[in-house]
2 protein chains.
Amino acid sequence: MIHTVKVHNNNNINMFTVESGKNLLDFLRENSLYVSTPCGGQGTCGKCRVKVKGLMKEPSEKEKTLLKSLGDANDLRLACYNTVEADIEVYLGYSDKEASIVTEGIEKNIDIAPLLGKKSLKLDVPDINDQKSDVDRIIEAISLFSTKDSGIASSIVSGTDKSVDYITMESLETIRELPKIIRKDYIVTVISYEGKIIGVEQGNTEDKNYGVAVDIGTTTIAAYLYDLKTGNKLDVYSTLNPQGKYGADVLSRIEYTNKSSSNQLEMHKIIIDSLNKIIGIFEQNNGILREYIYSIVFAGNTTMMHFLMDLPARYLALSPFIPVTTRMYKVKSSELGININKSGLAIVLPCVSAYIGADTVAAVLSSNMNKSDEIYLLIDIGTNGEIVLGNKDWMYSCSTAAGPAFEGANIQYGVGGIKGAIDKVNFTDKLEYHTIGSEKALGICGSGIVDAVAGMLEKGIIDETGRFIDKTEYSPENDSLGRDYIERLEEIDGMNSFILARREETEINSNIIITQKDVRELQNAKAAIAAGIKVLIKQAGVIGEDIKKVCLAGGFGNYINISSAFKIGLLPSDLNEKNVVSIGNAAGAGAIEGLLSKYNLDEMETIKNKIKYVELSAMVDFVDEYVNCMFFE
Amino acid sequence: MIHTVKVHNNNNINMFTVESGKNLLDFLRENSLYVSTPCGGQGTCGKCRVKVKGLMKEPSEKEKTLLKSLGDANDLRLACYNTVEADIEVYLGYSDKEASIVTEGIEKNIDIAPLLGKKSLKLDVPDINDQKSDVDRIIEAISLFSTKDSGIASSIVSGTDKSVDYITMESLETIRELPKIIRKDYIVTVISYEGKIIGVEQGNTEDKNYGVAVDIGTTTIAAYLYDLKTGNKLDVYSTLNPQGKYGADVLSRIEYTNKSSSNQLEMHKIIIDSLNKIIGIFEQNNGILREYIYSIVFAGNTTMMHFLMDLPARYLALSPFIPVTTRMYKVKSSELGININKSGLAIVLPCVSAYIGADTVAAVLSSNMNKSDEIYLLIDIGTNGEIVLGNKDWMYSCSTAAGPAFEGANIQYGVGGIKGAIDKVNFTDKLEYHTIGSEKALGICGSGIVDAVAGMLEKGIIDETGRFIDKTEYSPENDSLGRDYIERLEEIDGMNSFILARREETEINSNIIITQKDVRELQNAKAAIAAGIKVLIKQAGVIGEDIKKVCLAGGFGNYINISSAFKIGLLPSDLNEKNVVSIGNAAGAGAIEGLLSKYNLDEMETIKNKIKYVELSAMVDFVDEYVNCMFFE
């Protein structure tokens, strides 16, 4: 039996015919209709919320429990639990919205020296006394040029100061086109790369030379379009990683790809499709042609890099956590299915290990740790916390499983960094909070949770073990805590909780609370990060005072209140608070630096090779530190 | 209207349905039924002979003239002139048969050092203290191996004595397979090439390592299968170049490819298909798998190399004769559509100019000119005569358009080196001749023509200008010529002629004669070669006596009577007859040498760069010499 499903998505309404009994989440996925599924559709996260009008089955107990935190919005359902049984209308947009992400990072002055050079040439017209082949005609012209003009940037003509033999043209695809391209007017533009001519264009096209840098986050993709002749940023675009529909975290996605090679290919294709769409948007918005984009540089964690290259990621998720490869690859973009210039290159930045990815390597470059005599500490906090400690001579890294608490998951009212998320909390006389976009509160994001717990700790609402004080221990008269705070203490469903925002102030028509369990989640998360930092410090044989700069990378690092981070012990007290800086999307910034200069690509290879990876799961020290760090100081 | 055509081809009979009015040659080509078409189907060569039973249109005058030389075989027709107008039966096999070609050449003792090496490795099993990526695990293992065992051949592990970084694995296709391949039993075999690992196989497969060398002649393809572990020749196979259906000579074929890019692609695909079939035959005959063939080396003239790589050949045929490229290419065989190991390489040997091809470069290697202190002269006589003069320090080359006389074309009863061709003629008391395979004579091939003209010259049947003596000048009594010879003089169709074989001795039921026109054709041809030799000698500033070895390459060079060649002045008299040797299929031999050792590939690049090409069409000297050489001395 066939039903009609009308889907409302922002201002679009689409009609579909669906077979009776079809799982609602499957239906949405198959039609590329986005709902958030951090758990990968396994029925555990309660995030794939949709509003449904029309006849549905009664929700199961499990669905009811998961829906409970949504307050009174009774026509909300979880797509993964439901099937289409009648003609219905489905409203999207009740799931987490597109994240507001940081796409600035640190930008430095970089000498423009892109990996691929372009150089126009005026060729001699062949005659009976000059019978050079088309290939030799071009190679000799560019060699002559590079000899004549010693000032020519090595980025334009690789192979300078070498004999003609060192410049080659190997691609038959390019060679096949030469007779036509040359004979228009004997003016051509060559695209060169490491002594190889990889493309030849008719006429002088030197002015059209673009590149793209991309940071593929597990959650968000951020892409940057640059003019590689001028070094100017032309455009920035960010979007959710569409792989999210197979799970919010890398492990769910790896599990999906393990099931079959077609799943693996699907995971690869979905990201490629998204990249091609972004490139299309760049074309439209900037009046350029993708044929003139010659390189695209990718940062991202090791799993994302595996998916990007269509490598099997299975062993990343299994001890002893073996990547297929961590090296840098410069492959023809067409080999990955990315539609830029047909000779264009996709540069996949190097990783260090299964859980220290190219994003971390790029972030190290961006942080300048690799140029520094002094010791830097770089921390990128997400589901995993990637930590690098070092200077220009040595680097140690580790990755520690913080869990998704800082990203709002596993927290009862946790949300990502979306509009309406409580991102700042102030515990003065009265509690004050701030939401992203100053909209009505609908949840609490990572930086808000850190502020809240720091404040609760300071106010004595929780003790150093993380335990909530008993409300009965307080009376409004006998305490410094103040009436506002005491009234926020409440036992909800048998669990001590603290009300952050009251029902009437919220978008979701429900109190937004921090529960005892939420505090425990945070304790686990911060202990993992702090213990990782301490182990690296010990491993390097330095002390906290030696660390002259602490760089917090990524969106969370940008929003977090540093003082709160110290208060809860996320950052150990032996670090100096004054030395802490937020460096934004350092992974994206590093990818851009690589796009603008091949020397930065080389430098990232050096960084990759310099970083010693410390596997925490193999260390007794780490377990000790982890337990110690569970407490608040 | 549809007719039935029954085609008899050797012992096969096939039925086809054909639309009324369909050109018979087109029909045969489209069904891959071979008939010889030296003129490319333009109706001028008269070689596309088939026997037809059933109703046909009356032959045109032109067809009649062309059919005339076929004697009494009245049911023979030329396919190109005829259309299918009724149900008919067509018999093939009246066209030139498959050539018997020379596939031996010179073979030398060669140290086996193939371009691609194979090496088996036992890998360490990863654990939590050894988290190297799959790629690094293999690269480190092979690096370790090459450090430990300094005796390892550089052909097996390129990048020896270099740091690990110099060994790379760049192919994503290979990398994607690693997790599975490695984890079977941690024994793998790597295929390496110039410091790159281009393939990884499960288990130890070192013993299975084959390669193929191919000489793509305009007329014939000769292929050689070698075991690259032992250096043993396993098999040889030769077949007609199927591109022959688009013309016997390169110019007709180029013209065909100029018409459209699909024609160009067709010319490419037809040779690739043929190569894949040959590889299939090698598999069957030798019990090997094409997956274990890792390299295939190609020699051939510049046009054949263009077709092989699907390069547009248009400008090879137009002054100033510009190739798209003359360089050596080592490309993935899959890029050309050649089905060997998926990581296998196709090596296209380098050419010098539009008319000095990779076959000549390979022949120079085979001749040892490149190692010689003394001066060698290499001559490969075909439609073009390619001539190289030089030693290890310098080389000059030219290509001279001899026309197809030496290949039997443009000669009234000329045929290729097929069975029944008169290949030797002896002018003693009585004329004696020999045919290939000692079968009944059906024509005369190049070496036979040279013998015949040399003998006619010696006997005074033609004078030093090439003119036939008038039969009336002779009477049987008053002359040394002898009765047998005088009786062979006859005016046929108004032209003085000499009867080589009488109707009753021949297969074709017609006299086989040499006409005045045939002698003129030969004079043109031999003058072109001799003048080329003289120009090169002059260009190099040497004299004939300085030349210590004259190498005749190719099938014609193998069969020709050297003494006759001197008599007619094909080889100038200032060369020493004692220094002349036939070196057989030197192009094929050179390709084999390249297959067996990458150092020979390097050497061929050196030869290519060393050879100075002399463009005869731009030289006044050549025209002078050419006119001089027209006479007999």
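In the predicted model, the buried residues of helix 9 of chain A are A:Ala358, A:Asp359, A:Thr360, A:Val361, A:Ala362, A:Ala363, A:Val364, A:Leu365, A:Ser366 and A:Ser367. A residue is termed buried if 20 or more other C-beta atoms lie within 10 Å of its own, exposed if 12 or fewer do, and partly exposed in between, with C-beta atoms placed from the backbone. Helices (H or I, at least four residues) and strands (E, at least two) are DSSP runs numbered from the N terminus. Since 10 of the 10 residues of helix 9 (residues 358–367) of chain A are buried, this helix is largely enclosed by the rest of the structure. Just after helix 9 of chain A, A:Asn368 adopts a positive phi of about 75 degrees.

The model is a prediction in which local features need pLDDT of at least 70 and side-chain atom pairs count only at pLDDT 80 or more, while totals for chains, interfaces and linings use all residues. Residues are numbered from 1 along each chain as its sequence is written, and chains are lettered from A and ligands numbered from 1 in the order in which they are written.

Helix 15 (residues 586–596) of chain A is likewise mostly covered, with 11 of its 11 residues buried. Among them are A:Ala586, A:Gly590, A:Glu593 and A:Leu596. A:Ala591, also buried in helix 15 of chain A, is in contact with A:Phe298. Contact here requires that the C-beta atoms of two residues, placed from the backbone, lie within 7 Å. Neighbours within four places in sequence being left aside, the other contacts of A:Phe298 include A:Val214, A:Ile216, A:Met305, A:Leu308, A:Val348 and A:Ala358. A:Phe298 and B:Phe298 have the most contacts inside the largest nonpolar core, which has 348 residues. A nonpolar core is a set of buried Ala, Val, Leu, Ile, Met, Phe, Trp, Tyr and Cys residues joined through C-beta atoms within 7 Å.

Chain B can be laid on chain A with an RMSD of 0.1 Å by a turn of 180 degrees and a shift of 0.0 Å along the axis. The two copies are thus related as by a two-fold rotation axis. The superposition is by least squares on the C-alpha atoms of residues with pLDDT of at least 70 in both copies. Of the residues of chain B, B:Glu335 comes closest to the rotation axis, its C-alpha being at 6.5 Å. The same surface serves both copies, as 100% of the contact residues of chain B recur in chain A.

At the interface, 34 residues of chain B are in contact with 34 residues of chain A. Helix 3 (134–148) and helix 4 (172–183) of chain B each supply at least two residues of the side that touches chain A, and helix 4 of chain B gives the most, with five residues. By class, this side of chain B has 18 nonpolar, eight polar and eight charged residues. Ala, Val, Leu, Ile, Met, Phe, Trp, Tyr, Cys and Pro count as nonpolar, Asp, Glu, Lys and Arg as charged, and the others, Gly among them, as polar.

Within chain B, helix 5 (residues 250–258) and helix 6 (residues 261–286) pack at an angle of about 130 degrees with their axes 6 Å apart. Axes are lines fitted to C-alpha atoms, for helices over the stretch in contact, and angles run from 0 to 180 degrees between N-to-C directions. Helix 5 and helix 6 of chain B are therefore oblique to each other. Angles under 35 degrees count as roughly parallel, over 145 as roughly antiparallel, 65 to 115 as roughly perpendicular and the rest as oblique. B:Arg253, B:Tyr256 and B:Thr257 in helix 5 meet B:Asn263, B:Gln264 and B:Met267 in helix 6. The residues of this contact divide into two nonpolar, three polar and one charged.

B:Val550, in strand 24 (residues 547–553) of chain B, counts as buried with 25 C-beta neighbours inside 10 Å. Residues up to four places away in sequence not being counted, B:Val550 touches B:Leu377, B:Ile379, B:Leu575, B:Asn579 and B:Val580.

Some backbone geometry remains to be listed. The peptide bond from A:Ser319 to A:Pro320 is cis, with omega near 5 degrees. A:Pro320 lies in the loop between helix 7 (302–308) and strand 13 (329–332) of chain A. A:Asn410 has a positive phi of about 60 degrees although it is not a glycine.
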